[in-house]
Amino acid sequence: MHEVLERKQIKNIDFNIDLAQSFGIYKNNSEFSLLDYASSVNISCGFHAGDPMTIKNALLKAKEQNVVVGAHIGFDDIQGFGYRPMELSDDEIEALVIYQVGALMSFAKTFKLEIEHVRPHGAMYKMAAEDFQFALKVAKAVKKCSQWLVYYGASGEITAGVGEEVNIPVAHEVHLEKNYNPDGTIDFSRRDNENIFASINRLKTLLATSQIDNITGGKTCVIADTIHFTNKVANAQALIKQSKEIITPVPVNYKNACLSGWVE
């Protein structure tokens with residue numbers, strides 16, 4: 001699992017954002033401000049956020065923009081917005097994942113859309129980034145929904161290992177605002193960096209060298225298939241807009257097609 005990463009230029013990368021992060025009377029319409037600049041979207045499936053009308057509206061917006069659609073799955077924790085970790089059995093994790101992915105897949109079919117990837121949310125994302133066995137259980141459940149779904153996970157050995165063991169396509173995800181340890185893992189204990197200048201410089205370095213600055217002041221090589229842009233940081237729209245001026249994002253499956261030689 002210990003892959004030696006090389007410095008290399010990144011020519012194709014995906015920009016992903018979260019949609020349907022509303023529920024009932026709580027509305028989060030600011031998320032749509034990022035849609036013009038994204039190449040893929042993660043739509044909440046009703047557990048941490050996303051009610052039926054919110055999901056429907058998000059799917060229609062995604063279809064209008066012709067972006068790739070994925071399922072944004074989380075713990076059944078509407079009150080905590082999916083940010084609280086849960087201890088669940090293997091069967092409960094599997095059922096939790098299949099329930100959410102299946103619901104969005106069925107919903108999408110009514111609009112002639114296909115779900116192409118699955119991205120965990122909040123506490124589920126953090127647990128999957130730090131616990132290989134947990135990530136394995138989530139990915140196995142995703143594959144039961146469809147062998148073609150791409151598993152989006154934090155860049156690094158855990159996501160790579162999950163892809164190999166489950167035999168599922170994976171997308172290594174990086175963040176422009178988060179703090180990284182020297183080994184390329186995210187330091188979730190530190191506050192996100194909301195300095196756009198620093199984030200844009202990080203993007204430029206990433207694209208030129210596949211490296212990301214770490215908390216020691218050095219740089220670490222990472223695999224980068226997709227960048228997650230969150231609307232929780234200040235000036236989120238300005239950040240993704242400036243990022244798109246540097247590189248035009250492409251969906252993960254399109255990138256894979258280019259690498260395979262199917263698309264020139």
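What do the buried residues of α1 pack against? They pack against β1 (14–19), β2 (40–44), β3 (68–73) and α2 (90–109). Helices (H or I, at least four residues) and strands (E, at least two) are DSSP runs, numbered from the N terminus. The model is predicted, so local features need pLDDT of at least 70 and side-chain atom pairs count only at pLDDT 80 or more, while totals for chains, interfaces and linings use all residues. Residues are numbered from 1 along each chain as its sequence is written, and side-chain values use heavy atoms, with hydrogens and water left out.

Start with α1 itself. This helix covers residues 52–65 and has 14 residues. From its first C-alpha to its last it reaches 20 Å, close to the 20 Å expected at 1.5 Å a residue; the expected span is 1.5 Å times one less than the number of residues. Thr54, Ile55, Ala58, Leu59 and Ala62 are its buried residues. Buried means under 20% relative accessible area, exposed over 50%, and partly exposed in between (1.4 Å probe, protein chains only). Seen down the axis of α1, the buried residues fall within an arc of 130°, so they line one face of the helix. The arc is that of the directions from the helix axis to the C-beta atoms. On the other side of α1, Pro52 and Glu64 are exposed. Just after the helix, Asn66 takes a positive phi of about 60°.

Now move to strand β3, which holds His72. His72 counts as buried because its relative accessibility is 0%. Its side chain makes a polar contact with the side chain of Asp18, at 3.3 Å. A polar contact is a pair of N or O atoms within 3.5 Å; within protein, one must be able to donate a hydrogen and the other to accept it, and residues adjacent in sequence count only if both atoms are side-chain atoms.

Next comes the core. The largest nonpolar core has 74 residues, and Ile43 and Val162 have the most contacts inside it. Such a core is a set of buried Ala, Val, Leu, Ile, Met, Phe, Trp, Tyr and Cys residues joined through side-chain atoms within 4.5 Å. Its largest share, 8 residues, comes from helix α4 (residues 132–145).

In α4, the buried residues include Phe132, Leu136 and Val142. Their cover includes β3, α2, β4 (115–120), α3 (122–130), β5 (150–154) and α5 (157–166). Asp131 caps the N-terminal end of α4, with a side-chain oxygen 3.0 Å from the backbone nitrogen of Gln133.

Terms used
Contact = heavy atoms within 4.5 Å.
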